[in-house]
Amino acid sequence: MRRDVFQAIADPTRREIIRILANQSLNLNSVAENFDVSRPAISKHIKFWKNVD
């Protein structure tokens, strides 16, 4: 299922991931350290971006 960019930016966690990655290149674990959620949850958010048109 393809998603549009508006669905992607609607979530504050996904917006914060983009903000973090815009400033530096980080691996998944480094990104996850910036949040109070599990690494699998961050992985799910990052995978969401792969399906954005």
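**View 1. The surface of the predicted model.** The protein exposes about 3,900 Å². Carbon and sulfur atoms supply 50% of that area. Of the 53 residues, 23% count as buried.

**View 2. Four helices make up the fold.** The protein has 4 helices and 0 strands. Along the sequence, the pattern reads α-α-α-α. The radius of gyration is 11 Å, close to the 10 Å that the globule rule gives for 53 residues, so the protein is as compact as a globular protein of that length. Its C-alpha atoms fill a box of roughly 30 × 20 × 15 Å, taken along the principal axes.

**View 3. Contacts across the sequence.** Take the contacts between residues at least 6 apart in sequence. Of these, 58% join residues at least 24 apart.

**View 4. Charged side chains.** The protein carries 9 positive and 6 negative side chains. The centres of the two sets lie 6 Å apart.

**View 5. Arginine 14 in helix α2.** Helix α2 spans residues 12-23, and arginine 14 is found in it. Arginine 14 is buried, yet it has no salt bridge. Aspartate 11 is the nearest side chain of opposite charge, 4.3 Å away. A salt bridge needs a side-chain nitrogen within 4 Å of a carboxyl oxygen.

**View 6. The neighbours of arginine 14.** Leave out residues up to four places away in sequence. Arginine 14 then touches Gln7, Ala8, His45, Phe48 and Trp49.

Notes
Residues numbered from 1 in each chain as written. Predicted model: local features only at pLDDT ≥ 70, side-chain atom pairs only at ≥ 80, totals over all residues. Heavy atoms only, no water. Helix = DSSP H or I, 4+ residues; strand = E, 2+ residues; numbered from the N terminus. Rg over C-alpha atoms; globule rule 2.2 N^0.38 Å. Buried < 20%, exposed > 50% of the residue type's maximum accessible area, 1.4 Å probe, protein only. Contact = heavy atoms within 4.5 Å. Areas by Shrake-Rupley, 256 points an atom, 1.4 Å probe, with all protein chains shown as cover. Lys, Arg positive; Asp, Glu negative; His and termini not counted. Charge placed at Lys NZ, Arg CZ, Asp CG, Glu CD.
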